[in-house]
Amino acid sequence: MEKTQKICVKCKRKAYTKSRDILFCRECYIKNIQEKIRKEFNSKQIIRGGDKVLLTFSGGSSSLVLLDFLLEFHKIKKGKKKFDLDILVIDETLIEETLGINRPKAFIEEITDLVGNYKEKLIVKKYPNLLKNLLESIKKISVKEDLLEIIKTRIIIETFLQGNYTRVLLGDCAERLGIRTISMISKGRGFALTEKLQSDTRLQRGKSGLRLFPHEEKNHRENDDSNSNEKEKTNEKENVEIISEENNNNNNNNNNNNNNSNQSELNENIPQDSNEKIHEFTDTDINRYYESIYYPMKSILRMDLLKYLVYRNLQPVHVPRLSTLKPPRSSMDQVCFDFIQAVSLENISNLFGILRCVDKLRPLEISSKRCSICYDLVPIDKIENVLPFGNCCVYCKNYILSVCDSDLFSKILFLEK
């Protein structure tokens with residue numbers, strides 16, 4: 001008997017792949033992934049005209065698909081960009097040296113070759129040199145991963161504030177967000193889920209976002225009234241002015257904090273040098289950062305990303321992790337990875353159920369302060385004053401500071417080499 005030919009659900013041509021048991025040809029599969037990302041942008045109103053967007057780019061499959069999507073949107077606009085896009089890359093060479101990984105071509109060179117063709121502004125940041133000594137002095141991989149995440153977050157926040165960006169796009173896919181959710185709960189950091197991983201409740205400006213691929217939504221555009229368009233333009237100008245005023249206030253607050261820090265007890269533990277700069281962010285800075293981060297790839301599975309890259313002839317860069325070349329389940333993140341993988345194999349809806357639960361969480365209405373190390377908003381009864389760091393959450397004190405060199409860690413956190 002002849003086998004029945006598999007047909008694409010959209011164009012009725014021969015199907016080559018499937019996504020969640022739905023058959024697609026190559027062209028329709030690419031459009032299907034782009035449509036999912038576009039819906040995420042539009043439903044969350046992630047980007048508006050005039051926004052200054054910072055994309056954190058690791059070169060991995062998820063961030064590469066996100067970059068390809070954003071540039072495709074620019075291409076459709078025929079060069080008339082509706083928002084400014086900068087790309088932040090953190091050089092992972094230091095991590096490769098720590099793991100003893102030798103690649104034929106340097107990590108940052110591979111990233112530059114990949115991003116250079118896009119003619120976008122590329123911002124390259126490096127880890128502090130002292131971080132290698134700190135990681136080598138710690139045996140627990142889970143602690144190393146947490147320390148690295150803290151340093152990455154600080155680098156992103158610093159870049160965000162220096163560039164006066166209005167949006168930060170993080171390329172974590174559905175599985176990665178699921179792993180982070182379970183990991184944070186397991187480590188006792190569940191109170192920070194609403195701020196770090198949630199975006200549904202943070203539509204601060206309350207105005208319509210920039211619609212991506214508007215040529216596919218002609219009906220919506222034809223129904224828009226000319227008066228509403230004029231109001232949106234005036235609202236955009238007012239919004240830009242408000243943001244610029246906030247940035248000026250933040251810069252003034254930073255200067256005041258830096259002056260006050262010179263009189264604090266940090267000077268007793270941290271050597272001063274003319275080429276060094278104190279790293280301190282105000283609560284306003286941190287709040288503005290967390291209100292600006294979004295995860296446009298949260299509805300996309302990793303397998304779909306890999307297929308998309310193959311069909312688009314794009315080659316991702318291997319991103320080293322501290323658990324690379326280590327035994328299975330040697331860290332909390334690896335255990336959570338195995339859990340999410342098992343849950344997804346049983347029924348992929350379980351994974352998205354976890355992410356939907358995170359989106360429905362609401363912040364605790366209790367007195368809280370920010371930890372000066374991880375920047376989590378922590379209930380006051382779980383905050384302690386630890387020198388030279390200041391306010392420190394129970395997790396950072398008992399789990400991180402108990403196994404690392406505090407003097408070395410303080411130099412990395414508060415000084416820029």
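Two strands are said to pair if DSSP finds at least two bridges between them. The legends below describe a predicted model.

**Figure 1. The hairpin of strands E10 and E11.** Strand E10 covers residues 383-386 and strand E11 covers residues 390-393. Four bridges connect E10 with E11, and the pairing is antiparallel. Within this pair, Asn385 stands opposite Asn391 of E11. Three residues separate the two strands of the hairpin. The loop between E10 and E11 contains Pro388. The peptide bond that leads from Leu387 to Pro388 is cis, and its omega is near 5 degrees.

**Figure 2. Strand E4 and its partners E3 and E5.** Strand E3, residues 52-56, runs parallel to E4 and is joined to E4 by five bridges. Strand E4 itself spans residues 84-91, and seven of its eight residues are buried, so the strand is largely enclosed by the rest of the structure.

**Figure 3. Lys12, a residue with positive phi.** Lys12 is not a glycine, yet its phi is positive, at about 65 degrees. Lys12 is placed in the segment before strand E1, which covers residues 17-19. Is Lys12 buried or exposed? Lys12 counts as exposed because its relative accessibility is 57%, and the cut-off for exposed is over 50%.

**Figure 4. Tyr375, a residue with positive phi.** Tyr375 is a residue other than glycine, and its phi is positive, near 65 degrees. The position of Tyr375 is in the loop between strand E8, residues 368-370, and strand E9, residues 377-379. Tyr375 has a relative accessibility of 7% and therefore counts as buried, given that buried means under 20%.

**Figure 5. The chain that surrounds these views.** The chain has 17 helices and 11 strands. Of its 417 residues, 50% are buried. The accessible surface of the chain comes to about 21800 Å², and carbon and sulfur atoms account for 48% of that surface. Among contacts between residues at least 6 apart in sequence, 74% join residues at least 24 apart.

Definitions and conventions: Residues are numbered from 1 along each chain as its sequence is written. This is a predicted model: local features need pLDDT of at least 70, side-chain atom pairs count only at pLDDT 80 or more; totals for chains, interfaces and linings use all residues. Side-chain values use heavy atoms; hydrogens and water are left out. Buried means under 20% relative accessible area, exposed over 50%, partly exposed in between (1.4 Å probe, protein chains only). Contact means heavy atoms within 4.5 Å. Accessible areas come from the Shrake-Rupley method with a 1.4 Å probe; for residues, only the protein chains shown count as cover.
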